[in-house]
Amino acid sequence: MTQYVYRFGAGEADGSAELKQLLGGKGANLAEMTTLGIPVPPGFTISTEVCALEGDTDLKELLGEEVTASLSRVGELTETALGDSKAPLLLSIRSGAPVSMPGMMDTILNLGLNDETVLALAEQTGDLRFAYDCYRRFVAMYGEVVMGVHADADGDMQPFAQILADKKDELGVVEDSDLSADDLKSLVTAFKIEILKRVDQSFPEDPMAQLWGAVKAVFRSWQNKRAVFYRRMNNIDASVGTAVTVQAMVFGNMGDDCATGVAFTRNPSTGAPGFFGEFLVNAQGEDVVAGIRTPQDVSELETVMPDMHKELLGVAGRLERHFGDMQDLEFTIQRDRLWLLQTRNGKRTGAAMVKVAVDLVQEGHIDKREAIARIDANKLDEILHPTLDPEGKPAVLAKGLPASPGAAVGRIVFTADEAEAWEARGEEVLLVRNDTSPEDIHGMKAAGGVLTARGGMTSHAAVVARGMGKPCVTACRGIKIFAKQKQLVVGTQIFTEGDVLTLDGSSGEIFEGTAGMIPASASEEFDTLMEWVDDVRRLKIRTNADTAVDAKTARSFGAEGIGLCRTEHMFFAPERILAVREMILADSLASRVAALDKILPMQREDFVDLFRVMDGLPVTIRLLDPPLHEFLPHTDKDIAEVAESMGRSIENVTQAVEELSEVNPMLGHRGCRLAVSWPEVYETQARAIGEAAAIASKEGIVVEVEIMIPFVSVPAELRALRPLVTEQMDAAFSRAGVELDYKIGTMIELPRACLIAGEIAEHADFFSFGTNDLTQTTYGLSRDDSGRFLPDYLERGFMAKDPFACLDRAGVGALIRVGVEQGRAVKTKLKVGICGEHGGEPSSVEFCHHEGFDYVSCSPYRVPIARVAAAQAALRGEARCK
C-alpha cells in the first residue's frame, strides 16, 4: 500500500530533509527539525504525489485511514481531539512545494473551531476574547480559501476585511486588539452571513468536514493564478506539485506572554551576518506576513522576552549550521514556550546571495564548488542595478522601511492590473498599495519598485520584492493611500495615478519626481566569487556589442571577446541612417557606391574603437543583415529627406520604397542575399574592417578579427562571398603594410544550414549559431508577433518555457547538435559558438557546454550570469562522470 501521509512529532518523524520532493520544503524540514529535537508542534504531511491525483480522486477515500490514524497521534501528543467539546484539537493547514513559493498558495489556521469548540477553547485558556479572535480569523480564512468569498471586481478590500474595518469605524477604535469578545463574536456571525449570501452555502460546523475541505483547497491552490504566474516567472516545473502539512496549532495571540515572528539568520537584503527579523506580541503569524500591523525588530525581543530571545538565537544558529545556509524561520511563542513552525533556505537579494555564499566558504561551512552551485545565476542581474546618486537627491518626501535594496523611478499606479497594463505600454511604473497580497504578484513583477503604507521588513511585499530583486519600501507611515480614488497623499500634497516618484529601497526614502542614478559597482565578494567561477568553467564568455561603450561595459563584467557585432545596428543614429537609406534605394551601381563611400569611414571608425577596447580578445563582426523594412523611410518627412539628398523626386523615392517592400521581410532580401545581389555592400564593409584592423595594429593593439557572413542557406553563398571578403581584407593590409590573421565564418540560423552544415563548413573557419532566427524558423513563429498567443501555450502547458527565452533542446537543440556534428566531421577544430539571446540564459548555456561549444555570447549585463552558468554546467558535468 502506498504511503501518502508522513507523521512528525515528539522527536520522531517518518520523513527527513532528503524527502523534499515528496514532502515539500516545509514538510521535509519540519520532519528534520523534529528529529533534531527542536520544538515543533506535532502533525503530518500529505505528500506531493496526492497533488497530481487530487482533481480526479476522492481524497477522503484515498487518505481516510492514514489521516485518521495521524490525527489520533497528534491528539495523543497534545491531549486533545478534533471536535472535542472539552479539549478541542485545532489545526493549521499549510502548503509546501519542493521549491519555495512564499505566499503563493493558501493557508488556513485555527481549523476545528465551531460554535461549541470555541467555548471549550475559552474555558481551556480562561480567555473568551482570545477564543473568538481565533474563531473570526478562521471563519474569514475558510470562507475565502475554501468557499471562495473574494472581493468584487471593483472592490478595494476583501469582504471580511471590509466588515472588520466597518466594525472598528462603528466602535471608534483603531486596532483589532481594541475589540471586545462580544465584538469579535458579532464578527463571526457577520462573516457567516456574508458567506451564505455570497456562495449560498453555510459555513461547516463539522471539524472533519472542515479538514477535508481545507486539504482539498490547499492542494487546489497549486493551480491558482498567482501560483501559476510565480512558477512561470521562476521557471518552476508545474508537475512537482505541493504537499499539504496538517499541524497542531500553537498560539501567539493568547496574551502578552505570547508572540509570533519571522526571522533570518543573516540579513536577506545585504547578506551581512546577524539575526534579522520581526515579531509581534499577542498576534498570529498572518499579522506579520500580511503587513496589516507594523511589527517590532526581533532584537527588541531580548527586552520583551529575554529567555525566549536567547533560545531563539540558539535554535537559529543550530539550524544554519545544520543546513549550511541562511535560514528563514517562522516561530511562535505561546505562554513563554518557543515553537518553530518552519525553516527554509531564505529568499535573498542578489547581493545577499553572493555575500552569504562567499562568507559561508570563508567560515568553513561549505566549499567553493558548493558556493558556485548555490548561486541563482539570473539573480546576479540585480547586483548590476543602479542606485541613487547621493549628490543629486531631491528633498525627501516620506520615509519607510528599506525592505528591498535598489532604486526605481516610475509613474505610480494603485493596482496590480494597472501596473501590468502600464508596463505593457512601455511605461516604467511603481506599484503603490496600502499592503500587498499574493494576488498582486503579477503587478509586482511588472513594476520597477513597490511602495506600501503598511507592513514591515518581512511582510509579503518585502519578501516577494527581495526575491524578484525589486526595490521596495514598506511601512511608509507618512503617506496615505486611497486606492479607489487613485491618490497618494503626503501631508498637503496629493499625487495621482501617472505622477512620477522615485523610491530608494536601500534607505526607505521616497522622492518627488526623478532622482539621479549612478551605475552599480560590484562588491569584493562578487569579485571573489567570479574568480572561483572562472577557475571552474570551460566555456568562454563573449558579448554582443555594437558600440565601444557596450564593449567596455561587457569587458568590465569579464567578457572574453565580442561574439556578435551587428553592423546594421551602427546605423540607427539619425546622422547615419540617411546614408544607409541612400544605399538601399540606389537605382544604379554608381549611386550605391557613392552611398557606401559615406558609410565606409563611419564603419572604419567604429571598428577601430571596438578593437581598442577588446585589445587582445576576439571580435566577431557580422556583415550587414538588415531586414530592409527596418531601414526604409516610411514617413513623408523621411521620404522627402532621402529624395532631397539623392536628388530624386519624392514620387520616385516613394515608388522605390514600395518596390522594395516585402511580404515577409524577416525571410526576404537580407543577410548574405544582399551581397549576392549587391556585392559592393560586403566589399565596403570588409574594406572598413581591414583598414580598421590595420590602424589599430599600428597603435600596438592586438587585433583578433573574425568576420561572419549571415543567413547562409546554401554552400554556394559562402563559397562565393568568402573570396570577396578575403580580397578586400588582404588589400587593406597590403596598403597599410601589416600582416594580420583573421577568420571568416558563418552564422547558422536556418534549419537547412544545420542539416547541410558539413558542406558549409568546407568554406568556414567557425560557426556561430544565431538562435533567435533559428528558433523562429524552426517553430514557424514570428518572435515579434508570438507574444499575442504564446502565453496561451505556456498557460495550457503546451510549452514548458518560452522558446525565445530558453533554448528548445528537443527541436532547435537537435538541429544545433546536427550542425555541430556535421561541421566538426569536416573540420575537427571548427570553432563553435552561440550569439542569440539564449547565450545569457543559464539552461541554454548548460546545453552549449554539454554540446562542446567553444563560447557563448550574450548582452553585456548578462556576462556574469553566463560565467556562473558555465561553471555550474561544468560542475554538473563532473558530477555525472563520477
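The model is predicted: local features need pLDDT of at least 70, side-chain atom pairs count only at pLDDT 80 or more, and totals for chains, interfaces and linings use all residues. Residues are numbered from 1 along each chain as its sequence is written, and side-chain values use heavy atoms, with hydrogens and water left out. Helices (H or I, at least four residues) and strands (E, at least two) are DSSP runs numbered from the N terminus.

**Nonpolar cores**

- A nonpolar core is a set of buried Ala, Val, Leu, Ile, Met, Phe, Trp, Tyr and Cys residues joined through side-chain atoms within 4.5 Å; buried means under 20% relative accessible area, exposed over 50%, and partly exposed in between (1.4 Å probe, protein chains only).
- The largest nonpolar core holds 104 residues, and Met 583, Phe 607, Phe 611, Ile 709 and Phe 769 have the most contacts inside it.
- Helix α22 (residues 589–613) gives the most to this core, with ten residues.
- A second, separate core has 84 residues, including Phe 44, Trp 212, Tyr 230 and Cys 258.
- In soluble globular proteins, nonpolar side chains tend to be buried together.
- Contact means heavy atoms within 4.5 Å; with residues up to four places away in sequence not counted, Met 583 touches Arg 592, Ala 595, Leu 596, Ile 599, Leu 624, Trp 678 and Val 681.

**Two buried asparagines**

- Asn 544 is part of strand β25 (residues 540–544) and counts as buried, at 3% relative accessibility.
- The side chain of Asn 544 reaches the backbone oxygen of Cys 835 at 3.4 Å.
- Beyond four places in sequence, the residues that Asn 544 touches include Leu 564, Arg 566, Cys 835, Gly 836 and Pro 860.
- Asn 110 belongs to strand β5 (residues 107–111) and is buried, with 0% relative accessibility.
- Leaving aside neighbours within four places in sequence, Asn 110 is in contact with Leu 90, Leu 91, Cys 134, Arg 137, Phe 138, Met 249, Phe 251 and Gln 284.
- The C-alpha atoms of Asn 110 and Ala 165 are separated by 21 Å, the two residues being 55 apart along the chain.

**Salt bridges**

- A salt bridge is a side-chain nitrogen of Lys or Arg within 4 Å of a carboxyl oxygen of Asp or Glu, and the count by this rule is 47.
- Glu 363 and Arg 266 form one of them, with the closest N and O atoms 2.7 Å apart.
- This pair links distant parts of the chain, 97 residues apart: Glu 363 is in the loop between α13 (350–362) and α14 (368–374), and Arg 266 is in strand β7 (residues 259–266).
- Glu 363 is partly exposed at 39% relative accessibility, whereas Arg 266 is buried at 3%.
- Asp 435 and Arg 454 meet through their side chains in a salt bridge at 2.6 Å, N to O.
- Asp 435 lies in the loop between β16 (429–433) and α17 (441–446) and Arg 454 in the loop between β17 (449–452) and α18 (460–468), so the pair ties together parts 19 residues apart in sequence.
- Arg 454 is partly exposed, at 35% relative accessibility.
- Glu 568 forms a salt bridge with Arg 622, the closest N and O atoms being 2.4 Å apart.
- Glu 568, in the loop between β26 (562–566) and α21 (574–585), and Arg 622, in strand β27 (residues 618–622), are 54 residues apart.
- Glu 568 is buried at 3% relative accessibility, and Arg 622 is buried at 8%.

**Strand pairing**

- Two strands pair if DSSP finds at least two bridges between them.
- Five strands make an open sheet with antiparallel pairing, in the order β9-β8-β7-β10-β11.
- β9 (296–297) and β11 (338–345) stand at the edges with a single partner strand each, so one side of each is left without a neighbour in the sheet.
- Strand β8 (residues 273–281) runs antiparallel to β9 and is joined to it by two bridges; Phe 279 stands opposite Gln 296 in β9.
- Strands β19 (residues 480–482) and β20 (residues 487–490) pair antiparallel over three bridges.
- The hairpin of β19 and β20 has four residues between the strands, and Lys 486 in the turn has a positive phi of about 55 degrees.
- β20 also pairs antiparallel with strand β21 (residues 493–496), over four bridges.
- Val 489 stands opposite Ile 494 in β21.
- Two residues lie between the strands in the hairpin of β20 and β21, where Gly 491 takes a positive phi near 60 degrees.

Methods
A polar contact is a pair of N or O atoms within 3.5 Å; within protein, one must be able to donate a hydrogen and the other to accept it, and residues adjacent in sequence count only if both atoms are side-chain atoms.
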